[in-house]
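The stops below go from the whole chain to single residues.

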Amino acid sequence: MQSWPSHPVPRVPGTPRPLRLYDTSTGEIRPTAPGATARMYVCGITPYDATHLGHAATYLAFDLVHRVWLDNGHEVHYVQNVTDVDDPLLERAARDQSDWVVLGMREIALFREDMAALRVLPPRNYLGAVESIPEIVEAVAKLLSAGMAYRADDPEYPDIYFAHDASGRFGSVSNYDDPTMREFFADRGGDPDRPGKRHPLDALLWRVARPGEPSWDSELGAGRPGWHVECSVIAQNRLGMGFDLQGGGTDLIFPHHEFSAAHAEALTGLHPFARHYAHAGMIGLDGEKMSKSRGNLVFVSRLRADKVDMMALRLGLLSGHYREDRAWTQEVLAEAEARLVRWRAATAQESGPDATGTITRLRDHLSNDLDTPQALRAVDAWADDALSGSGHDRAAPVEIRAAVDALLGVLL
């Protein structure tokens, strides 16, 4: 599957700062510490609807990780999936009386456009579940033969399930207790009450073919993959075990990231699947949670159509800390638009205050668990001084513009 276009990332003068990031699995802010090549997997979309601000905020957070690693001299091997066959996609296609393949292709194309407009650096590998089915089948067959998976006791639909405790480390990603796991499993795509399962928390690996649903022939029988094993296999086969960072929204902590890790660790006998787990908070609208059920999603493509400057949108989403649940309002957008105007005016000056201290502070804040509110304030202070006529360094506006581009992804 094709990713979206990239763009050059300027070099920034001065000394980079290694990235320290909150790790969900340990509950601590700690160094990411990649090798020469930093390896990151971020879970992608299920393409049944357009990119909303919650998606955008998540991908912007991990775009900052990408940029800080580049600033530190690492190559970055970034992998992202697309869940291009799954119940939500099929249900939306049936509701709209459209072809599920066409629906998926349309929304994936729109997502690419949105990411390019927001200047999110693209993944090196961008893969759909459908194109990954042969390797998923191979992994499920191994789990089945090793006794870590089983067929449901259902003569009509003997789906294949993963024994949730097969890795011996189940719960090490989320650290949730059993009641919390059961609650989230039911709310987030699990099927705890499915007859024929051995345990309510066992997760679907292979759904055998049903009438009217897409399916693929395989040694497992005709069917299609479960959700969690898709990411597990795609990440493991491109990045290997122990890659540097698994990312996504907080709603993916459990069951998705817990099971992705459990599948891979059961398959390989190795731990950990990822060395670091980072999760972005949810975006609300005017004080309410943003969700498709509420009908209050704000779509990036709609804002693009309304001629909202995507750099203002980027600044608006970065004005809150990535781990916090936060609200999107017209005031947030207006403040971001005003900030963008100030920054552009300041960096358009022939000279300004020396940029060295500002760039140092920008790096310090981003390296400290992506503290974007403080990073934006550091640039604000320089812009205010520049617009007041302070400083006569002719290189400073160019250096600030390059740093804001490289580290924050904002084109001035």
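Buried means under 20% relative accessible area, exposed over 50%, and partly exposed in between, with a 1.4 Å probe and protein chains only. This is a predicted model, in which local features need pLDDT of at least 70, side-chain atom pairs count only at pLDDT 80 or more, and totals for chains, interfaces and linings use all residues. Residues are numbered from 1 along each chain as its sequence is written, and side-chain values use heavy atoms, with hydrogens and water left out.

**Whole chain.** Select everything. Buried residues make up 55% of the 412 residues. The C-alpha trace spans about 80 × 45 × 35 Å along its principal axes. Colour by secondary structure to find 13 helices and 14 strands; these are DSSP runs, helices being H or I of at least four residues and strands E of at least two, numbered from the N terminus.

**Arg67.** Select Arg67 in helix α1 (residues 53-71). Is this residue buried or exposed? Arg67 is buried, at a relative accessible area of 1%. A polar atom of its side chain lies 2.8 Å from the backbone oxygen of Arg119. Beyond its neighbours within four places in sequence, Arg67 has contacts (heavy atoms within 4.5 Å) that include His7, Arg314 and Asp405.

**Helix α5.** Move to residues 178-187, where Met181, Phe184 and Phe185 are buried. They cover an arc of only 105° around the axis, so they sit on the same side of α5; the arc is that of the directions from the helix axis to the C-beta atoms. Pro179 and Asp187 are exposed on the other side. The buried residues of α5 pack against β8 (203-208) and α7 (253-268). Just after the helix, Gly189 has a positive phi of about 90°.

**Salt bridges.** A salt bridge here is a side-chain nitrogen of Lys or Arg within 4 Å of a carboxyl oxygen of Asp or Glu; the count comes to 30. Select Arg224 and Glu213, whose closest N and O atoms are 3.2 Å apart. Arg224 lies in strand β9 (residues 223-225) and Glu213 in the loop between β8 and β9, so the pair ties together parts eleven residues apart in sequence. Arg224 is buried at 2%, while Glu213 is partly exposed at 24%.

Finish at Arg344 and Asp309, a salt bridge with closest N and O atoms 2.9 Å apart. Arg344 is in helix α10 (residues 330-347) and Asp309 in the loop between α8 (300-305) and α9 (310-318), 35 residues apart. Arg344 is partly exposed at 29% relative accessibility, and Asp309 is partly exposed at 29%.

Terms used. A polar contact is a pair of N or O atoms within 3.5 Å; within protein, one must be able to donate a hydrogen and the other to accept it, and residues adjacent in sequence count only if both atoms are side-chain atoms.
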